[in-house]
Amino acid sequence: MPTSPSIRLVLVEDHAMVAEAIGLALGRAPGIDVVAQAGTIVAAVAETGRCRPDVVVLDRRLPDGDGISAIGRLAAVAPEARVLVLTGEATASVAARVVAAGGAGLVLKSSRLSELESAVREVAAGGVVFAPGLLPGVLDRLTGRAGHLGSALTARERETLLLLAEGAGTYEIGERLGVARNTARNHVQHVLEKLGARSKLEAVALARREGLLD
């Protein structure tokens, strides 16, 4: 019987030690061929277009931007490639962004390498990979049952978001809300998590895009 062709994979990870560990593990896995590695979005697009892989394992946080925002660019140069996003934190908002951008899955960096390997094989076969606990939230967001992006924000978190949009820092937010600095910091963190943002600037940009600051 003819053997199945190897899964051609491009690994995009900017931390050298992490990239080396993942690259070695996946490269040793039967039927997986790591054909290129990249550490930036620009390099990822170039290598993906050059190699035309089956799967791109894409770190979410890269020096030149958010990996999720690059999924469309990868699809443009290699429409057949399936994108599996690596992230340090997985929320329903982040997972929904991956799906909306055309990604095939989301895997935590804390996952075992064997789990990453299984995820690669699953998306290469046409499947999708998300933690079971994320799926209800992803479906809610994609079907509109959860409302717009800011529907999960509490009243205090909405106040915090408005202050962030004005350029207020954590100390000023605490002063204006009349809460301790640690409490203000927690409010900011909750806003970022619920919006699926990695920074205050990104949270404000997402909020503007969704009309939360109108």
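I began with what covers the buried residues of helix 7, and the list includes helix 8, helix 9 (181–195) and helix 10 (200–209). Helices here are DSSP runs of H or I with at least four residues, strands are E runs of at least two, and both are numbered from the N terminus.

A note on the source: this is a predicted model, where local features need pLDDT of at least 70, side-chain atom pairs count only at pLDDT 80 or more, and totals for chains, interfaces and linings use all residues. Residues are numbered from 1 along each chain as its sequence is written, and side-chain values use heavy atoms, with hydrogens and water left out.

I got Glu157, Thr160, Leu161, Leu163 and Leu164. Down the axis of helix 7 they fall within an arc of 165 degrees, so they line one face of the helix. The arc is taken from the directions from the helix axis to the C-beta atoms.

Then I looked at the partner. Helix 7 (residues 155–165) packs with helix 8 (residues 170–177) at about 130 degrees, axes 10 Å apart. Axes are lines fitted to C-alpha atoms over the stretch in contact, and angles run from 0 to 180 degrees between N-to-C directions.

Who touches whom (contact means heavy atoms within 4.5 Å)? Arg156, Glu159, Thr160, Leu163 and Leu164 in helix 7 meet Ile173, Arg176 and Leu177 in helix 8.

Last, I noted that Gly167 follows helix 7 and has a positive phi, near 95 degrees.

Technical notes: Contact means heavy atoms within 4.5 Å. Buried means under 20% relative accessible area, exposed over 50%, partly exposed in between (1.4 Å probe, protein chains only).
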